[in-house]
Amino acid sequence: MIRLSHVSKSFDGGASYAVKDLSFDVAQGETLVLLGSSGCGKTTTLKMINRLIEPSEGAIELDGADVSTLEPVSLRRRIGYVFQGIGLFPHMTIEQNVAIVPRLVGWPRNRRQDRAYELLELMGLEPQTYAPRYPRELSGGEQQRIGVARALATDPEYLLMDEPFGALDALTRDTLQQELLALKARLKKTIVFVTHDIFEALTLADRIAILHEGRLEQVGTPNEILNRPATDFVREFFGKPAQQLAAFKEML
Amino acid sequence: MLAVTWGEFLTSRLHELWLRLGEHIVLVSLSVFAAICIGVPLAMLALRRRWTQTPVLGLVGAFQTMPSIAMLAILLVLTGKTKDIPALIALTLYALLPIVRNTLAGLEGVRADVIEAAHGVGMTRRQTLWMVRVPLAMPVIVAGIKTAAVIAVGVATLSAFIGAGGLGKFINAGLSMKNTKLMVLGAVPAIILAFVVGGVISASEWALAPGRRRRKRGMAGIVMKYLATSLPLLLVAFGVVATMWNPFPKRRYEVEVTYRIGTPGTIRIATKNFTEQFIVGEMMAQLLEARTRLTVKRDFNLAGTMICHEALVQGEMDLYPEYTGTALTAILKREVIADPEKAYEVVAEAYLEQYGLVWLEPFGFNNTYAITVRAADADERGWTRISDLKDDAAELRAGFTAEFSERPDGYPGLQVVYGIEFGSVDDFDPQLMYDAIAHNEVDVICAFATDGRIAAYKLQPLKDDYGFFPPYYAAPVVRAEFLDEHPEVRHVLAALAGRLDDATMQRLNYEVDEKKRDPADVAYEFLVAEGLLKGE
């Protein structure tokens with residue numbers, strides 16, 4: 001379980017806050033989507049969980065342990081992370097990319113290779129074909145699958161995903177979302193997923209946390225949020241796309 | 001007036017060309033290797049501690065900005081050594097900037113999202129550096145090394161000025177003797193070497209590049225890749241081998257040796273950077289090779305009196321030819337002594353006492369300065385003595401060497417003693433001075449009394465009627481310590497004592513300066529003709 005208690009982050013010594021007084025829990029096996037427009041503090045929140053960014057105030061607990069007491073490098077190796085820009089290492093083969101965390105934690109070579117092949121298969125990429133290739137030889141969708149495979153390599157309990165499908169075309173994104181849902185069902189990971197895309201949030205989330213200007217507007221299941229928006233902002237945030245969608249349907 | 005064809009010239013120099021090429025490669029490799037060992041960690045430090053960036057880049061930039069000759073000169077003074085050490089330091093300092101700058105740029109230029117991913121998957125700083133930054137920066141780092149190596153090939157040619165090895169030796173000797181062939185022999189291989197070095201590093205970079213699209217290359221492809229990767233190492237290996245093993249025969253002169261005297265050892269002979277010194281140096285070297293058990297190492301063409309002198313005092317060299325007048329004024333800083341024998345005695349005594357150096361018997365010629373005019377002018381205007389110039393001096397153009405213009409026993413003293421002030425005075429390279437008077441660009445020069453061009457260019461030395469110029473009798477100067485171990489040197493070199501008068505030396509100089517012959521050949525022929533070596 002991940003628990004944030006009164007977490008704030010200021011990058012300018014308190015003059016302004018990227019994240020202000022944020023508190024929520026992520027239950028075991030749950031997928032929590034951090035949703036908000038750009039600059040709302042969702043990526044900052046995500047990065048504080050594995051200490052890529054340190055909070056200015058408040059505490060973050062992982063399974064009851066304050067993360068600030070944990071060694072950051074080993075903490076990060078325990079948590080799978082899928083990056084906004086994919087962030088594959090261009091000088092490493094797909095196999096090496098997928099097996100990077102196992103290599104860092106010192107798995108033997110055979111086990112690393114087996115695991116990489118296993119994950120490529122899981123992602124629906126033929127291992128013999130893809131393992132020796134370099135990232136630039138893959139399409140955007142394939143690269144993002146590798147990004148997910150890399151995050152899963154040591155079978156971590158937690159996954160942090162930072163707009164992993166943001167740069168993909170609509171069709172590919174939809175495919176990957178469906179794949180992620182299937183994976184989720186099979187692997188039972190606890191996932192914190194950042195997006196600005198309402199439909200992505202509704203598709204993937206067990207619960208959604210809506211952020212606005214660094215503050216938490218509402219946390220709840222998609223149903224609760226759609227039916228009982230806690231603030232005007234939330235109502236507006238979901239209202240606009242609904243109107244657009246209605247207009248779009250009309251046109252069809 | 002080309003006395004030797006290119007073919008003959010090349011063949012006779014192959015042995016040395018091979019050696020110098022090897023030395024050049026070794027100089028460049030060692031200094032670039034040192035620069036990598038210093039520069040890459042410096043760049044990593046600058047990456048980690050950002051405040052060090054400005055001072056680090058400023059410092060290596062300053063090294064690069066220093067003129068090469070100035071840097072070599074300063075290192076010569078600082079290290080107190082001639083030859084390879086200051087040259088290596090200078091080359092290393094020059095190589096630093098491209099390596100540091102490129103390494104830093106490469107390490108910093110890695111995309112931010114890749115670095116974030118490295119941290120995110122749980123790499124430590126060190127792992128991020130070595131597993132991500134360094135491999136991704138490699139092409140940029142290698143490009144820096146390439147730039148550094150190519151610059152080093154060029155700068156290494158200059159280090160011959162302080163006596164280091166390499167192809168610069170040819171260029172330097174060519175400049176000293178105004179011998180175009182020798183200059184070309186150094187310059188062209190240096191240019192080719194620069195291209196080869198650049199190409200070889202590019203090939204290796206190509207083979208090493210990560211993430212290249214793999215194709216089915218097969219055995220041939222794999223062999224190609226390994227070959228390309230190891231090309232720089234092969235080049236270095238070639239350089240090392242070339243300095244130790246030479247397939248080309250050394251020029252050997254036929255010498256009939258009845259017996260050799262003394263004990264085995266090595267004698268290091270130095271000379272200054274002009275023709276006469278090379279000829280006399282060769283004579284001493286060949287005689288010692290023929291008649292003693294010593295191995296002779298020639299370090300000819302050192303840039304001037306002070307370097308030769310220091311090399312002996314430091315014990316880096318054992319023997320070189322010096323002139324009494326130079327020793328008296330330039331080294332001992334004493335007043336001019338007009339009497340040749342007195343001058344020799346004073347110099348010999350002071351050298352032994354102050355520097356532990358021994359003056360052996362003089363060769364016989366007096367290479368003093370001679371105020372020299374065109375013979376035609378002298379006839380026409382009736383000049384025979386320096387004092388005859390006094391009335392016409394204001395309309396005469398003088399061309400002197402920079403040294404003569406400065407030395408108290410040069411033009412400054414001449415002005416005082418003779419009361420002569422020339423209309424204009426220009427500084428010339430010693431070689432160009434003779435051309436200048438022959439082509440009517442100047443009217444008066446400070447020739448050397450033994451220069452072959454005095455006769456060849458129809459020049460007329462004027463009599464030093466006030467006895468102003470000190471005697472410049474040449475003699476071998478040798479370390480006393482060395483002479484104690486090898487007294488046979490004194491005995492063998494005594495064969496040259498008094499054997500070379502001014503006219504003989506003029507003739508020998510002329511053979512080299514104007515006929516472009518090799519000083520070694522000229523020296524050999526003289527020794528044979530004199531019956532000192534038994535030749536063909």
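Reply: Chain A has 11 helices and 10 strands. Those are DSSP runs, numbered from the N terminus: helices are H or I with at least four residues, strands are E with at least two. This is a predicted model, where local features need pLDDT of at least 70, side-chain atom pairs count only at pLDDT 80 or more, and totals for chains, interfaces and linings use all residues. Residues are numbered from 1 along each chain as its sequence is written, while chains are lettered from A and ligands numbered from 1 in the order in which they are written.

Me: How does the radius of gyration of chain A sit against a compact globule?

Reply: It agrees. A compact globule of 252 residues would have a radius of gyration near 18 Å, and chain A has 19 Å. The radius is taken over C-alpha atoms, and the globule rule is 2.2 Å times the number of residues to the power 0.38. Along its principal axes, the C-alpha trace of chain A spans about 55 × 55 × 30 Å.

Me: What percentage of chain A counts as buried?

Reply: 43% of its 252 residues. Buried means 20 or more other C-beta atoms within 10 Å of the residue's own; exposed means 12 or fewer, and partly exposed is in between, with C-beta atoms placed from the backbone.

Me: What about contacts in chain A between residues at least 6 apart in sequence?

Reply: Of those, 65% join residues at least 24 apart. A contact means C-beta atoms, placed from the backbone, within 7 Å.

Me: Is A:Asp155 buried or exposed?

Reply: Exposed, with 11 other C-beta atoms within 10 Å.

Me: Switching to chain B. How does it score on pLDDT?

Reply: It averages 88, and 96% of the residues score at least 70. pLDDT is the predictor's confidence in each residue, from 0 to 100. The model scores ipTM 0.87 and pTM 0.75.

Me: Which residues touch between the chains, and how many from each?

Reply: The contact takes 18 residues from chain B and 20 residues from chain A. On the chain B side, helix 5 (112-120) and helix 6 (125-158) each supply at least two residues. Helix 5 of chain B gives the largest share, 6 residues.

Me: What are the domains in chain B?

Reply: Domain 1 (6-244), domain 2 (261-366 + 474-529) and domain 3 (369-461). Their bounds come from an automatic or database domain assignment. The C-alpha centres of domain 1 and domain 2 of chain B lie 38 Å apart. Each of these two gives 15 residues to the contact between them. On the domain 1 side, helix 7 of chain B gives the most, with 5 residues.

Me: What does helix 21 of chain B pack against?

Reply: Its buried residues pack against helix 7 (168-177), helix 10 (275-291), helix 18 (453-456) and helix 22 (519-529) of chain B. Among those buried residues are B:Met505, B:Leu508 and B:Tyr510.
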